[in-house]
Amino acid sequence: MEIKLEYRPAYSMATVNLNPGESFRAESGAMVGMSAELEMETSSRTQKGGVLKGLARKLLTGESFFLNTFHARTVPGHVMLAPANVGDLVLHDLNGELLVQSTCYVGSEPSIDIQTKLGGFKNFFGGRGFFMLKAVGKGPLLLSAFGAILEVDVTEPFIIDTGHLVAFEPTLDFKIRRVGSWFSTFFSGEGLVCHFTGRGKLWIQSRNPGEFGGIVGPMLPPR
Amino acid sequence: MQSRIELNPEYALLEVTLEPGEKVVAESGAMVGMDSHLKLTSQSRGGILKGLARKMLGGESFFQSTFEAESAPGRVLLAPGAPGDIREIELPAGRSLMLQSSAYLASTPDVTLDTKWGGAKGFFSGAGLFLLKATGPGRIWFNSFGAMATQAVAGQFVVDTGHIVGFEETLNYSISKVGGLKGLLFSGEGLVARFAGTGTVYVQTRNPASFAAFLHPFRPVKNE
């Protein structure tokens with residue numbers, strides 16, 4: 001398997017070259033194009049949960065609930081993958097665990113287990129679409145960012161806005177917190193943050209999808 | 001005539017420099033700026049009815065603008081509506097390029113443009129894929145949402161309909177549905193075109209329907 005990233009950072013696209021017997025899994029809307037020789041298989045995210053559980057997730061999080069797996073059977077082929085939004089892609093060589101903000105997941109080697117981590121009540125306070133996935137295993141993991149992507153080495157407590165979070169290593173512990181008063185939470189837009197402690201890497205996106213939606217959305221006709 | 005594509009791929013801009021007697025035709029609305037001595041005329045190409053058919057079926061503007069340098073050279077700056085790249089190709093006489101309707105930016109006057117009905121297939125399958133057929137001789141400029149990748153096809157290749165910019169007429173295609181329950185809200189998602197034959201497909205690295213789906217939850221909610 002060989003993965004090539006092109007057109008970075010603004011309009012990044014990944015081309016995944018598969019040899020016979022290899023597969024790659026991707027978020028359902030990510031496929032741009034593929035060799036006709038590849039076989040595409042659609043499944044809901046968790047094999048156990050099935051469609052209804054998937055649908056509940058869809059409604060709660062805005063995240064899509066289907067994954068497509070592309071298989072090269074007897075001949076090689078390639079699949080091109082791109083995120084929905086403007087921004088960069090990063091290829092993470094997973095060996096262990098990574099926590100990924102759900103809208104930033106693009107694809108992964110199929111043996112990597114993608115678990116939805118509802119995380120209880122606190123995550124729903126994290127703002128629109130803030131929902132974590134836990135990727136467990138070994139192999140390539142493809143993530144997207146809205147805007148550019150920045151790697152941060154955390155060695156002492158660090159705070160980031162929930163809308164800018166892409167992923168973080170499990171050696172970091174996080175809590176969702178308010179900064180300032182309840183008043184500023186509701187009126188400043190800077191209210192909810194992830195407070196990280198421990199040591200490890202985290203990745204942040206240079207634009208916040210919620211902020212962008214907040215600028216453009218009110219100009220659109222009501223739904 | 002000289003042309004230059006600048007500021008690509010993110011915000012590509014086309015600059016065309018016309019010698020006296022030369023013209024360039026562009027999608028109405030594409031003009032960013034021009035030398036004031038150029039002559040600008042708007043017309044419906046191929047007559048009102050044909051133009052209207054294009055508008056209804058192709059989703060493309062009813063009117064196009066022609067820029068002409070009469071006695072002195074001059075330049076015109078043209079830009080597509082969406083952020084992304086611009087590509088220029090030279091079409092030999094009789095050779096055609098099929099373009100997704102919003103991908104057309106400009107062409108030299110001898111290039112003919114026809115609505116090809118999305119080959120009815122695109123229209124009836126709900127793919128939202130409306131195609132224009134541009135036939136040479138001449139130069140044509142077309143644009144993408146995001147970057148533009150070139151995919152050579154020899155045999156078969158599958159492309160999400162929302163990522164198609166255009167393709168050479170030597171390729172045949174059929175539309176089919178993939179990927180579960182997507183496309184409930186926005187037409188075009190979850191539909192793919194399966195290309196067969198030998199030729200080039202131009203794909204865009206972002207999908208306008210996915211972008212619209214991202215923005216949808218941010219729309220105000222109607223008061224009942």
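Let me start with D114(B), which sits in strand β11 of chain B, residues 112-115. Strands here are DSSP E runs of at least two residues, helices are H or I runs of at least four, and both are numbered from the N terminus. This is a predicted model, in which local features need pLDDT of at least 70 and side-chain atom pairs count only at pLDDT 80 or more, while totals for chains, interfaces and linings use all residues. Residues are numbered from 1 along each chain as its sequence is written, and chains are lettered from A and ligands numbered from 1 in the order in which they are written.

Setting aside neighbours within four places in sequence, D114(B) has contacts with L132(B) and K133(B). A contact means that the two C-beta atoms, placed from the backbone, lie within 7 Å. L132(B) is 18 residues away from D114(B) along the chain, yet their C-alpha atoms are separated by 5.5 Å.

Now, the two chains. Chain A has four helices and 17 strands, and chain B has three helices and 17 strands. In chain A, 40% of the 223 residues are buried; in chain B, 43% of 224 are. If you take the contacts in chain A with a separation of 6 or more, 77% are between residues 24 or more positions apart. For chain B, 77% of the contacts between residues at least 6 apart join residues at least 24 apart.

Let's look at some strands in chain A. β1(A), residues 2-6, and β2(A), residues 13-18, run antiparallel and are joined by five bridges. Two strands count as paired if DSSP finds at least two bridges between them. Within that pair, E2(A) has N17(A) as its bridge partner, and K4(A) stands opposite T15(A). The two strands make a hairpin with six residues between them, and Y7(A) in the turn has a positive phi of about 60 degrees. β2(A) also pairs with β7(A), residues 77-81, antiparallel and over five bridges. There, T15(A) has M80(A) as its bridge partner.

Over in chain B, we have an open sheet of four strands in the order β1-β2-β7-β4, with antiparallel pairing. β1 (2-6) and β4 (31-34) of chain B are at the edges with a single partner strand each, so one side of each has no neighbour in the sheet. From one strand to the next, the twist averages 20 degrees; the angles run from 0 to 180 degrees between N-to-C directions, using axes fitted as lines to C-alpha atoms, for helices over the stretch in contact. β1(B) and β2(B), residues 13-18, are antiparallel and share five bridges, and E6(B) is opposite L13(B).

Beyond four places in sequence, the residues V159(B) touches include V32(A), G33(A), I164(B) and F195(B).

V159(B) takes us to the last stop, the largest nonpolar core, with 100 residues; among those with the most contacts inside it are M13(A), L105(B) and V159(B). Strand β17(B), residues 191-204, gives the most to this core, with seven residues. Such a core is a set of buried Ala, Val, Leu, Ile, Met, Phe, Trp, Tyr and Cys residues joined through C-beta atoms within 7 Å.

How values were computed:
A residue is buried if 20 or more other C-beta atoms lie within 10 Å of its own, exposed if 12 or fewer, and partly exposed in between; C-beta atoms are placed from the backbone.
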